[in-house]
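Colleague: I have a few minutes before my next run. Can you walk me through this one?

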Amino acid sequence: MKKGLILGRFQPFHLGHLRLIEAVKDDNLEPMICIGSAQEGRTKDNPFTTAERRIMIKAVVSRLDCEYQIYEIPDVNNNNLYVSHLKTFVPDFDTVYSGNTLVLKLFKAAGHKIVMPEMVNREVWEGAAIRQAMTEGDEWETAVPSQIVDIIHDLNGIEKLQNLARADPLPPES
């Protein structure tokens with residue numbers, strides 16, 4: 001079966017990620033889910049560990065009735081090397097699905113077929129906005145699949161994120 005590559009940090013897994021996976025599945029491709037910034041965890045921008053992100057992905061994707069694979073991709077911090085770096089961690093794939101214009105540009109330049117599904121509710125279904133809402137005690141549960149709400153609560157994710165935010169204050173204004 002042909003493969004559709006999906007890249008994300010999944011901090012946390014949200015409905016936008018689910019839409020990408022469903023788009024791959026709708027195109028009759030097998031999802032290859034790549035967890036970016038795999039070396040990161042327990043920081044304000046990357047509060048969940050790779051193991052926790054795997055749990056989130058599996059909880060949602062296992063209910064979609066499809067074969068899938070999950071890969072961990074550490075950062076290379078060099079756009080010129082990103083595609084070749086990623087390819088050292090994953091087998092061959094047919095199409096790259098992303099909502100990230102830089103990712104799509106890099107893979108297109110490397111000769112890969114790319115798909116940018118229609119982005120719905122991007123302002124809400126976006127990791128930074130969800131993490132901010134969690135930190136501030138605002139509504140975030142509607143931006144993630146129901147299984148993820150339960151996992152985040154089981155992991156004490158809100159408390160951990162709030163503690164990380166307190167430990168990483170904004171720099172003083174000049």
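Predicted model: local features only at pLDDT ≥ 70, side-chain atom pairs only at ≥ 80, totals over all residues.

Colleague: How many bridges join E1 to E2, and which way do they run?

Modeller: There are 6 bridges between E1 and E2, and the two strands run parallel. E2 covers residues 30–36.

Colleague: What do E1, H1 and E2 make together?

Modeller: A right-handed β-α-β unit. Helix H1 in that unit is residues 15–26.

Colleague: And how does E1 pair with E4?

Modeller: In the parallel sense, over 3 bridges. E4 is residues 95–97. Gly4 stands opposite Thr95 there.

Colleague: New topic. What joins Gln11 and Pro12?

Modeller: A cis peptide bond, with omega about 0°. Pro12 sits in the loop between E1 and H1. Most peptide bonds are trans, and most residues other than glycine have a negative phi.

Colleague: Which phi does Ser37 have?

Modeller: A positive one, about 50°, although Ser37 is not a glycine. Ser37 is in the loop between E2 and helix H2, which is 50–61.

Colleague: Is Ser37 buried or exposed?

Modeller: Buried, because its relative accessibility is 9%, and the cut-off for buried is under 20%.

Colleague: What about Asp65: what is its phi?

Modeller: Positive, about 55°, and Asp65 is not a glycine. Asp65 lies in the loop between H2 and strand E3, which is 69–73. Asp65 is exposed, with a relative accessible area of 72%.

Colleague: Now the rings. How many aromatic pairs are there in the whole structure?

Modeller: The search finds 3. One of them is Phe10 with Phe13: the ring centres are 5.8 Å apart and the planes are at 15°, so this pair is stacked. Phe10 and Phe13 are both buried.

Colleague: How are Tyr82 and Phe107 arranged?

Modeller: Edge-to-face, with 6.1 Å centre to centre and 90° between the planes. Tyr82 is in helix H3, residues 82–87, and Phe107 is in helix H4, residues 101–109, so the pair ties together parts that are 25 residues apart in sequence. Tyr82 and Phe107 are both buried.

Colleague: Which residues form the aromatic cluster?

Modeller: Tyr82, Phe93 and Phe107 form one cluster.

Notes. Residues numbered from 1 in each chain as written. Heavy atoms only, no water. Pairing = 2+ DSSP bridges. Helix = DSSP H or I, 4+ residues; strand = E, 2+ residues; numbered from the N terminus. Right-handed = clockwise from strand over helix to strand, strands pointing away. Buried < 20%, exposed > 50% of the residue type's maximum accessible area, 1.4 Å probe, protein only. Phe/Tyr/Trp six-rings, centres within 6.5 Å; stacked < 30°, edge-to-face > 60°.
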